[in-house]
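This report covers how the secondary structure elements of one chain are arranged. The sequence and the model come first.

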Amino acid sequence: MRTSGDSAVRLTVWVAGRVQGVGFRWWTRCRALELGLVGEARNLPDRRVAVVAEGDRLACEQLLVALSGGATPGRVDGVVEQWGDATGRWTGFSEA
């Protein structure tokens, strides 16, 4: 995980829309790794995807913009975000 002076943060995002079965978790993993983030993207039973990312706040903000944008696989109808302190739980980024 990269940091640039600021302490690491944890971003949790719940993404709603047509985001399961379209490569959304794989796409999210690629974006997160490009940004130097660790965490996971997980399908939820209610058809949303939960994304947890830890690292630089700026990198997490960039991931949030990407998740909210129109270039994702499938269709994003909405995102809910929650910020917190990094836990250090992850060493890479996985599709769970």
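The model is a predicted one. It contains an open sheet of 5 strands in the order E4-E1-E3-E2-E5, and the pairing is mixed. E4 (75–85) and E5 (93–95) are the edge strands; each has a single partner strand, so one side of each is left without a neighbour in the sheet. On average, neighbouring strands of this sheet are turned by 15° against each other, with direction ignored.

**Strand E3 and its partners.** Two antiparallel pairings of E3 can be described by their bridges. Strand E1 (residues 9–18) pairs with strand E3 (residues 49–55) over 7 bridges. E2 is joined to E3 by 6 bridges, again in the antiparallel sense. The table lists bridge partners on both sides of E3.

|---|---|
| Arg42 | Ala50 |

E2 and E3 also form a hairpin, with 5 residues between the two strands. In the turn, Arg47 has a positive phi of about 80°.

How many of the residues of E3 are buried? The count is 7 of 7, so with buried meaning under 20% relative accessible area, the strand is mostly covered. In a regular strand the side chains alternate between the two faces of the sheet. In E3, Val49, Val51, Ala53 and Gly55 point one way, while Ala50, Val52 and Glu54 point the other way. Residues of both sets are buried, and the charged-type name Glu54 is among them.

H2 lies across E1, E3 and E4, and runs at about 160° to E4.

**Helix against helix.** Helix H1 (residues 24–34) also packs against helix H2 (residues 57–68), at an angle of about 150° and with the axes 10 Å apart. Angles over 145 degrees count as roughly antiparallel, which means that H1 is roughly antiparallel to H2. The crossing of the two helices is right-handed. From H1, the contact is made by Phe24, Trp27, Thr28, Arg31 and Ala32. From H2, Leu63, Ala66 and Leu67 take part. By type, the residues of this contact divide into 6 nonpolar, 1 polar and 1 charged.

Key:
Residues are numbered from 1 along each chain as its sequence is written. This is a predicted model: local features need pLDDT of at least 70, side-chain atom pairs count only at pLDDT 80 or more; totals for chains, interfaces and linings use all residues. Side-chain values use heavy atoms; hydrogens and water are left out. Axes are lines fitted to C-alpha atoms, for helices over the stretch in contact, and angles run from 0 to 180 degrees between N-to-C directions. Helices (H or I, at least four residues) and strands (E, at least two) are DSSP runs, numbered from the N terminus. Angles under 35 degrees count as roughly parallel, over 145 as roughly antiparallel, 65 to 115 as roughly perpendicular and the rest as oblique. A crossing is left-handed if the near helix is turned anticlockwise from the far one by less than a right angle, and right-handed if clockwise. Contact means heavy atoms within 4.5 Å. Two strands pair if DSSP finds at least two bridges between them. Buried means under 20% relative accessible area, exposed over 50%, partly exposed in between (1.4 Å probe, protein chains only).
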